[in-house]
Amino acid sequence: MKLPTFLRLFCKNFIAFMSSQLDKLTPREIVAELDKYIIGQHDAKRNVAIALRNRWRRMNSIPEMQKEIIPNNILMIGATGVGKTEIARRLAKIANAPFVKVEASKFTEVGYVGRDVESMVRDLVEQAVNMVKSAKKEEVKQKAQEIVEDMILDVLIPPMYPNTSFQNTPRANVGFEIKDDNDVVQPPPPVTSMPDHELNERTRNRFREKLKAGELENRKIEIDMQSSSSPNIGVMGGPIDDVSMMNLQEMLGNMMPKRSKKRKLTIADARKILLEEEAAKLIDMDEVKEEAIRKAEDLGIIFIDEIDKIANSGGKGGGPDVSREGVQRDLLPIVEGSTVNTKYGPIKTDHILFVAAGAFHVSKPSDLIPELQGRFPIRVELQSLTEDDFYLILKEPRNSLTRQYHALMEAEGVELSFQDEALREIAKLAFTINSDVENIGARRLQTVMSTLLNDFMFDIPDVIGANAHVVVTKELVQERLSGLVKNRDLSQYIL
Ligand SMILES: Nc1ncnc2c1ncn2[C@@H]1O[C@H](COP(=O)(O)OP(=O)(O)OP(=O)(O)O)[C@@H](O)[C@H]1O
Ligand SMILES: [Mg+2]
């Protein structure tokens, strides 16, 4: 009696969790999710959680207001390695939203042209299209599998009356030939005198079962495959903008006769390829495009990293600063809301959430042009990480370094464990090096851990075999690292 109740409760909670996951995590739940991966930085977590929830709130508000409510873009300020990028990355996972991350500094590189900035919106749409496409493919998977099974069966045992057996399935435009001819095509000698087509049908059914049971996976068949390569066009002379270029390319690709190529493959491999092709045929690309554009418009998140690198530091003027300010000016319309043309159609950027981040060591947020500052009304400052934070970062997150190394050693059958004081010691050393040499935030833990464990990683499995148990103690940490930490010159290079 107890178990079913427990199971029912579990299922109920699980379903509730999944649906809340999908469309409406509360701000507290979002923070709780972020807490699984990121230590501290509560202010930043709170603000991104509110921003995320606000998307849902907007979509569920009265229609007249939906257009009016604009997202409050966020500017995250904090030293290097304190979790800015990590927060944004996790946020996108939680939101199940199209997400792109760009480095603002890349737009200042040589060869930059204003409209390059729009490429981030195009990438976002591309991402949304992929998300929608794979969701739709999942929906038609069952049907595609049935079609492909028939296709493969047709190659193995061609039906006698091609039209009678599977009238409803769209016929493949894939031609087939038999590879190991004699073996397969010949139906087994008739036991009784039975009409040919019945025999054919029976044989097909037998092979269908074999196929289903996975007995024929390694048999080779020959299939005709559409080659999907579209020609690459180079344009001589005058500049041509990206969208026209993309359209031209696609148009030419469609105009070219589809080349098909015969390939011999095992049934297992052929099935994979055919499944892709059939699934793609079953989904309606126009629907995908429309849905993807909507998804990107309403839920998209664009993370602009290194925004401090395009700020004018100290008003020196001239030189590279000109292009930096240019990039800022180009960013303005996109962040404020404009229409960007993509190969999937135009997209409005009004409701895309922008999160910008930067260390602002040299420049300050006030060095950005005022218009751009105004587009990022929410400022959150990320705290520098303390020794205690380091200790927790080693220990708590789902993807913590200790867990990563544990998994690596586990793959070799070696058990790895850390004593608590050892973790404290590592945190202390990392913190010391950060203050003495250079503060690179939590990234320091990576160099420290790899220096600490490198010898083990090298000796496994030759010297330290499977079933061994590696215990990292405080003494071990001190023995391997203290010398380096004390010697500033050494630690500069090694840690
Ligand atoms: N608060 C934190 N909690 C857990 N892990 C963290 C935290 N801060 C940083 N890390 C870890 O440190 C690494 C670097 O962090 P991240 O990429 O977020 O730095 P950043 O703040 O974006 O720095 P930068 O300004 O150099 O881009 C990541 O692997 C991340 O897992
Ligand atoms: Mg970063």
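Reader: Which residues are the closest to ligand 1?
Author: In this predicted model, ligand 1 is surrounded by 19 residues; a residue is near a molecule if its C-beta atom, placed from the backbone, lies within 6 Å of it. The closest are T80, G83, K84, T85 and A442.

Reader: How are residues, chains and ligands numbered, and which pLDDT limits apply?
Author: Residues count from 1 along each chain as its sequence is written, while chains are lettered from A and ligands numbered from 1 in the order in which they are written. The model is predicted, with totals for chains, interfaces and linings using all residues, local features needing pLDDT of at least 70, and side-chain atom pairs counting only at pLDDT 80 or more.

Reader: Which helix gives the most residues to the shell around ligand 1, and how is the shell divided by class?
Author: Helix 5 gives the most, with three residues; helices (H or I, at least four residues) and strands (E, at least two) are DSSP runs numbered from the N terminus. For the classes, Ala, Val, Leu, Ile, Met, Phe, Trp, Tyr, Cys and Pro count as nonpolar, Asp, Glu, Lys and Arg as charged, and the others, Gly among them, as polar. The shell then has seven nonpolar, eight polar and four charged residues.

Reader: What do the end C-alpha atoms of helix 3 give as its span?
Author: The expected span is 1.5 Å times one less than the number of residues. For the 18 residues of helix 3 (residues 42–59) that is 26 Å, and the distance between the end C-alpha atoms agrees, at 26 Å.

Reader: Which residues of helix 3 are buried, and what covers them?
Author: A residue is buried if 20 or more other C-beta atoms lie within 10 Å of its own, exposed if 12 or fewer, and partly exposed in between, with C-beta atoms placed from the backbone. In helix 3 the buried ones are A44, K45, N47, V48, A49, A51, L52 and R55. Their cover includes helix 2 (27–35), strand 1 (74–77), helix 5 (84–95), helix 12 (285–299), strand 9 (353–358) and strand 10 (378–381).

Reader: How many residues of strand 6 are buried, and which strands join it?
Author: Five of the five residues of strand 6 (residues 301–305) are buried, with I301, F303 and D305 on one side and I302 and I304 on the other. Two strands pair if DSSP finds at least two bridges between them. E103 stands opposite D305, and F303 has V355 as its bridge partner in strand 9. The parallel partners are strand 2 (residues 99–103), with five bridges, and, with four bridges, strand 9.

Reader: Is N467 buried or exposed?
Author: N467 lies in the loop between helix 18 and strand 12 and has a positive phi of about 70° although it is not a glycine. With 9 C-beta neighbours inside 10 Å, N467 counts as exposed.

Reader: Where is the peptide bond that is cis?
Author: P461 is placed in the loop between helix 18 (443–459) and strand 12 (469–472). The cis bond, with omega near 0°, runs from I460 to P461.

Conventions: Contact = placed C-beta atoms within 7 Å.
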